[in-house]
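Reader: I would like to learn how to read a model of this kind with care, taking one feature at a time. Could you give me the general idea in each instance and then show me the case at hand?

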Amino acid sequence: MFERFQEFFQSLTTEHPKTGLAPDDPRISVAALCIQVMEADGTVEASEKKALRRLLKDQYGLDGRELDALIAAGTEAENEAVDYFRFTSDLKRHLDGDQRIELIGILWDIVYADGERSEMEDDAIWRIAELLGVSGRERIMKRQEAAARVPGLVIEADDAD
């Protein structure tokens with residue numbers, strides 16, 4: 001799972017230095033979308049925060065202060081946003097089709113970090129996928145892959161779409 005994240009995030013950082021965050025740094029948009037998905041069900045679990053920190057740390061190679069800065073920038077951007085469009089439009093300029101699909105997979109991994117998914121999280125990812133131009137089929141495939149990585153998760157009938 002983390003090899004996949006590493007490849008994805010390395011593709012985002014080839015044009016941006018690891019230190020300092022430019023306002024248009026796509027990593028901020030990725031962090032903000034992850035935070036929006038984490039908050040979609042109204043409850044942010046410690047396991048989701050931990051998964052986000054681990055993901056950003058491992059994939060961007062950030063140390064504590066840099067990691068905190070990215071999460072703070074993502075949180076601030078997320079708090080200022082009225083919808084997902086700000087982030088998805090930015091990421092559409094920076095990501096190719098395969099990277100957009102991979103991002104949807106990453107968002108599903110954040111959802112399943114607490115071992116379950118909610119209707120609100122489903123809706124958030126559906127909207128983000130639509131704005132990124134990711135098909136319903138690809139979105140569902142990424143959801144199923146993420147669910148399969150969760151030990152002991154009972155897959156519901158609608159998960160087998």
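Author: Let us begin with contacts, where a contact means heavy atoms within 4.5 Å. Residues 24 or more positions apart account for 72% of the contacts in the chain with a separation of 6 or more. This is a predicted model, in which local features need pLDDT of at least 70 and side-chain atom pairs count only at pLDDT 80 or more, while totals for chains, interfaces and linings use all residues. Residues are numbered from 1 along each chain as its sequence is written, and side-chain values use heavy atoms, with hydrogens and water left out.

Reader: How many helices and strands does the chain have, and what part of the chain is buried?

Author: Helices (H or I, at least four residues) and strands (E, at least two) are DSSP runs, numbered from the N terminus. By that rule the chain has eight helices and zero strands, which gives the pattern α-α-α-α-α-α-α-α along the sequence. A residue is called buried under 20% relative accessible area, exposed over 50% and partly exposed in between, with a 1.4 Å probe and protein chains only; of the 161 residues in the chain, 48% are buried.

Reader: Which residues of H3 are buried, and where do they lie around the axis?

Author: The buried residues of H3 are Glu48, Ala51, Leu52, Leu55, Leu56, Gln59 and Tyr60. They cover an arc of only 120 degrees around the axis (the arc of the directions from the helix axis to the C-beta atoms), and therefore they lie on the same side of H3. On the other side of H3, Ala46 and Lys50 are exposed.

Reader: What span should helix H3 have, and what follows H3?

Author: The expected span of a helix is 1.5 Å times one less than its number of residues. For the 15 residues of helix H3 (residues 46-60) this comes to 21 Å, and the end C-alpha atoms are 21 Å apart, which agrees. After H3 comes Gly61, whose phi is positive, near 65 degrees.

Reader: How many salt bridges does a search of the whole structure find?

Author: Side chains of opposite charge can pair when their charged atoms come close. The term salt bridge is used here for a side-chain nitrogen of Lys or Arg within 4 Å of a carboxyl oxygen of Asp or Glu, and the search finds nine of them. One of these joins Arg53 and Asp68 at 2.9 Å, N to O. This pair links distant parts of the chain, with Arg53 in helix H3 and Asp68 in helix H4 (residues 64-80), 15 residues apart. Arg53 is partly exposed at 34% relative accessibility, and Asp68 is partly exposed at 40%.

Reader: Is Arg27 buried or exposed, and what does Arg27 lie over?

Author: Arg27 is buried, with a relative accessible area of 0%, and its side chain meets that of Asp25 in a salt bridge of 2.7 Å, N to O. Asp25 is buried as well, at 1% relative accessibility. A charge sits over a ring if NZ of Lys or CZ of Arg is within 6 Å of the ring centre and within 35 degrees of the ring normal; Arg27 lies over the face of Tyr60, at 5.3 Å from the ring centre.
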